[in-house]
Amino acid sequence: MPGGSESRSREAGGTALFALGFRPFYLLAGLLAALSIGLWTAQLSGWLGTAYLAGPMWHAHEMLFGYAFAVIVGFLFTAGRNWTGLPTPAGARLGGIVALWLAARVLVLTPYALPAAAADIAFALAAAWGIAVPLVKSGNRRNYFFIALLLALGAANLGFHLAMAGRVDLPVRRGLVVGLDLVLFAMAVMGGRVIPMFTQNAIPAARPRRLPWVERIALGSVLALVAADTLGFEQGLPAAVLAGVAALAHGTRLALWQPWLTRRRPIVWILHASYAWIVVHLALRALAALSLVAPGIASHALAVGAIGGLTLGMMTRTARGHTGRPLQTGAIETLCYALVMCAAVARVAVPLIVPAATLAATLAAGALWSLAFALFTATYWPILSRPRLDGKPG
């Protein structure tokens, strides 16, 4: 009844921001992505001195364990409710988990290293608990690995904090590399589940396929990379061969999904274009293992092109779907997608082709990225902070 929908909307009006996990985490992730990269770019250009982050390791940390982790948690808290039919954290419980994330983001800017680490790890544990309860209660074993994923990200984050504080004798970079691998695995799993389905639903002529042997090699090779990087085996011919096999497997996987048919549907092509950056990342990793390109180039292909594009594409899609809006994008969303893809090209391709232009390309990429996420945050603030259009809960 229309009256019932209006009543539900009024009841939810004051608490819509914490009605479901995607709402606060997508907004805060978008805000962090815009501000953090904007400030980091200003710092690199010399405009801020060293007034923001203490160095590139902290920049990488915040984009991985701040931005990407927030999007993953927001997605899992939302998808977990659909997978299990049981509630995930909402209201005050969700607000408490968000507060831990916010505390960590503030504390990493201060000299208080141990409280920053404590807040970060508490956030990871709370997020794992938040998704574990409904999954275990419902017996949804297919998705149990997401519990392990969140705990593993927390462990990688702890390793980073302890290494930065000099409390453990480990390379600081290892926590970041393993964390990126874990996010790559999450994207590979979820991409394999949803990209073919979204493609077929949006484009009647599409017939995306999944071949079991390709799936096994694609996912297995990424798990092997996680293990190799955890043990510190990033360089040499075996590492190059492993990354090369992974690149071929993921390239084959993407081709089977028929990405060329998606060019008229931005909400779908962004997922395919972003997944293509996974292939680029893995190919560059193979070259980096042979010392033919800088490892940072490969890392940014994953961080900017794949993580940036896939998270933006999934945030816009799930935000629209879970607020009762049509799964269609407008000019703003399409512009955001294009800006992130251009940022990836600037950050990865330009330094490879014209090494002398690396700083200028990095600054341009930062500006493009910040603009994309500023537009996303401004556009989706009213969508994510207000009740669903159809009056349903969530």
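Trainee: Is Ala165 buried, partly exposed or exposed?

Mentor: One reads this from the relative accessible area: under 20% is buried, over 50% is exposed, and the range in between is partly exposed. This is a predicted model, and in it Ala165 has a relative accessibility of 34%, so it counts as partly exposed.

Trainee: Where in the chain is Ala165 placed?

Mentor: Ala165 belongs to the loop between helix H6, residues 145–164, and helix H7. Its C-alpha atom is separated by 11 Å from that of Ala116, although the two residues are 49 apart along the chain.

Trainee: Which kinds of secondary structure does the protein chain contain?

Mentor: The protein chain has 13 helices and 0 strands. Read from the N terminus, its elements are therefore written as α-α-α-α-α-α-α-α-α-α-α-α-α.

Trainee: How compact is the protein chain in comparison with a globular protein of that length?

Mentor: The radius of gyration is compared with the value from the globule rule. Along the principal axes, the C-alpha trace spans about 65 × 55 × 45 Å.

Trainee: What share of the residues counts as buried?

Mentor: Of the 394 residues, 53% are buried. The accessible surface of the protein chain is about 16300 Å², and carbon and sulfur atoms account for 70% of that area.

Trainee: What share of the contacts joins residues at least 24 apart in sequence?

Mentor: The set considered consists of contacts between residues at least 6 apart in sequence, and 78% of these join residues at least 24 apart.

Trainee: Which residues have the most contacts inside the largest nonpolar core?

Mentor: The general idea is that in soluble globular proteins, nonpolar side chains tend to be buried together. In this structure the largest nonpolar core has 116 residues, and those with the most contacts inside it are Phe25, Tyr67, Leu150, Met187 and Phe373. Helix H7, residues 172–202, supplies the largest share of this core, with 16 residues.

Trainee: Which residues does Tyr67 touch?

Mentor: Residues up to four places away in sequence are not counted. Among the others that Tyr67 touches are Ala29, Leu32, Ile307, Met315 and Phe373.

Trainee: Is Ser291 buried or exposed?

Mentor: Ser291 has a relative accessible area of 58%, which is over 50%, so Ser291 is exposed. Ser291 is placed in the loop between H10 and helix H11, residues 295–321. Its phi is also positive, near 60°, in a residue other than glycine.

Trainee: Which residues does Leu261 touch?

Mentor: Leaving out residues up to four places away in sequence, Leu261 touches Ile203, Ala205 and Ala206. Leu261 lies in the loop between H9 and H10, and its relative accessibility of 29% makes it partly exposed. The C-alpha atoms of Leu261 and Leu86 are separated by 37 Å, and these residues are 175 apart along the chain.

Trainee: Where does Gly321 lie?

Mentor: Gly321 lies in helix H11 and is partly exposed, with a relative accessible area of 32%. Gly321 touches Leu327 and Arg388, when residues up to four places away in sequence are not counted. From C-alpha to C-alpha, Gly321 and Arg388 are 9.6 Å apart in space, and they are 67 residues apart in sequence.

Trainee: Which helix contains Ala113?

Mentor: Ala113 lies in helix H5, residues 113–138. At 40% relative accessibility, Ala113 is partly exposed.

Trainee: How many positive and negative side chains does the protein chain have?

Mentor: The protein chain has 29 positive and 11 negative side chains. The centres of the two sets lie 9 Å apart.

Conventions: Residues numbered from 1 in each chain as written. Predicted model: local features only at pLDDT ≥ 70, side-chain atom pairs only at ≥ 80, totals over all residues. Heavy atoms only, no water. Helix = DSSP H or I, 4+ residues; strand = E, 2+ residues; numbered from the N terminus. Rg over C-alpha atoms; globule rule 2.2 N^0.38 Å. Buried < 20%, exposed > 50% of the residue type's maximum accessible area, 1.4 Å probe, protein only. Contact = heavy atoms within 4.5 Å. Areas by Shrake-Rupley, 256 points an atom, 1.4 Å probe, with all protein chains shown as cover. Lys, Arg positive; Asp, Glu negative; His and termini not counted. Charge placed at Lys NZ, Arg CZ, Asp CG, Glu CD. Core = buried A, V, L, I, M, F, W, Y, C linked by side-chain atoms within 4.5 Å.
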